[in-house]
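Take a look at the structure below. Then read on for a short tour.

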Amino acid sequence: MPTETVPLPTTQTAPSNQTASSKKPFIRRHLQDRSQRLRHTVQIVFLALNAWLGVQFYLWVRYFDTYGESPYVSRPAGVEGWLPIAGLMNLKYFLVTHHVTAIHPAAMFLLVAFLLSSLLLKKAFCAWLCPVGTISEALWNLGERGLRRMGLRPLILPRGLDIPLRSLKYLLLAFFVYVVVSMPAAGLEQFLEAPFGIIADVKMLNFFREMGVVGISVLLTLALLSLLIKNFWCRFLCPYGALMGIVSALSPVKIRRDPEACIDCNRCSHACPSNLPVAQLVTVRSLECSSCLSCIAACPAENALNYALPPRRAPQIPLATDASPAARSLALSNARWRLRSLQPRTVAALLAVIFFAFVAVARLTHHWRTEIPNSVYQQLVPNADQFNH
Ligand code: SF4
Ligand code: SF4
């Protein structure tokens, strides 16, 4: 069969003003997208894990609250994943002294695991693992369905309001980072080893157990806003997500649009929970991208969107001279993205490997559990309200 060598076009700049009527061949995706099913499964597993940790922690606190009247369960160290400030403090302490503190060490290991996942896979932590993100997503799906049933459209904030609101979470993060960075190592150790530091997790639980009118009103307002506005908490207020976003800027893997395969249908932009204009970008560099892959799931064109390393630049592939434009286009885009794209199952597997590797290292080095005698907890836990910083 006669062949010719076709140089591939570069994908570094987007063609300007391409419309759906442009003459690029449309090659429909041949495999059904299962990324969202997999992502939701991972989210549910992680939510269930956190619920189990929460119940176990509650029973542990109750044992001390009742002075041993209720059954004893051991304290689940994983609950320290909910102590990001303690994680930051421990991380700074470790970087300065090269020692792991005895109080809430798991908080640091979990924080570093999630930071590493952001470094490799953008903010995949937010869209695949975070239980708050999962609840927020469930609320907006519920709200969207309800609004559509009423014949209404979900609320989309104007750009002029959206961007300043997004910066709120970075301001919150800057405040926490400033507090931690400005404390000397000795001060951090003193803080963590004080009664308030030791039972910071109990204080957090008590906040929810003894929530007053103000707390309930704030929670209900957040839930209502999450029903009406996509991803409200994550996009505007979560400092943890802001930290993951900043680290994610260094990630080599990004959502990348192939302008040669894209048919400019704009479905990706509509699907994006972060309201990113995916259809107008070649590479999604935004700190707001959570690697949810919803844009790819919505895309009808083969290879038009990839969660990938940068594509191959102008490789040469042999093509039959009588190949149709569609066959040529497909062969070229396959060549550009071969061994560059990350499949959803790879994302799930990498997240699991990072998570379990850090837990294993912490356990094997005996830095997973906070080692405080039960006699100390018995003095502190029932009197938690008395300890403030
Ligand atoms: S760009 Fe794609 S992966 Fe990133 S947040 Fe938007 S839909 Fe999710
Ligand atoms: S969904 Fe986005 S990337 Fe896919 S074809 Fe449409 S505009 Fe292009």
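The model is predicted: local features need pLDDT of at least 70, side-chain atom pairs count only at pLDDT 80 or more, and totals for chains, interfaces and linings use all residues. Residues are numbered from 1 along each chain as its sequence is written, while chains are lettered from A and ligands numbered from 1 in the order in which they are written.

**Domains.** The bounds come from an automatic or database domain assignment.

| Domain | Residues |
|---|---|
| domain 1 | 3-32 + 254-341 |
| domain 2 | 36-248 + 347-386 |

The C-alpha centres of the two domains are 36 Å apart. In the contact, 13 residues of domain 1 meet 18 residues of domain 2. Contact means C-beta atoms, placed from the backbone, within 7 Å.

**Helix pair.** Helices are DSSP runs (H or I, at least four residues), numbered from the N terminus. The axes of H3 (residues 105-121) and H12 (residues 239-248) come within 7 Å and cross at roughly 45 degrees. H3 is therefore oblique to H12. Axes are lines fitted to C-alpha atoms, for helices over the stretch in contact, and angles run from 0 to 180 degrees between N-to-C directions. H3 contributes Phe-114, Leu-115, Ser-118 and Leu-119 to the contact, and H12 contributes Met-244, Val-247 and Ser-248.

**Ligand 1.** Which residues come nearest to ligand 1? Of the 15 around ligand 1, they are Cys-272, Cys-289, Cys-292, Ser-294 and Cys-295. A residue is near if its C-beta atom, placed from the backbone, lies within 6 Å.

Methods
Helices (H or I, at least four residues) and strands (E, at least two) are DSSP runs, numbered from the N terminus. Angles under 35 degrees count as roughly parallel, over 145 as roughly antiparallel, 65 to 115 as roughly perpendicular and the rest as oblique. Two residues are in contact if their C-beta atoms, placed from the backbone, lie within 7 Å.
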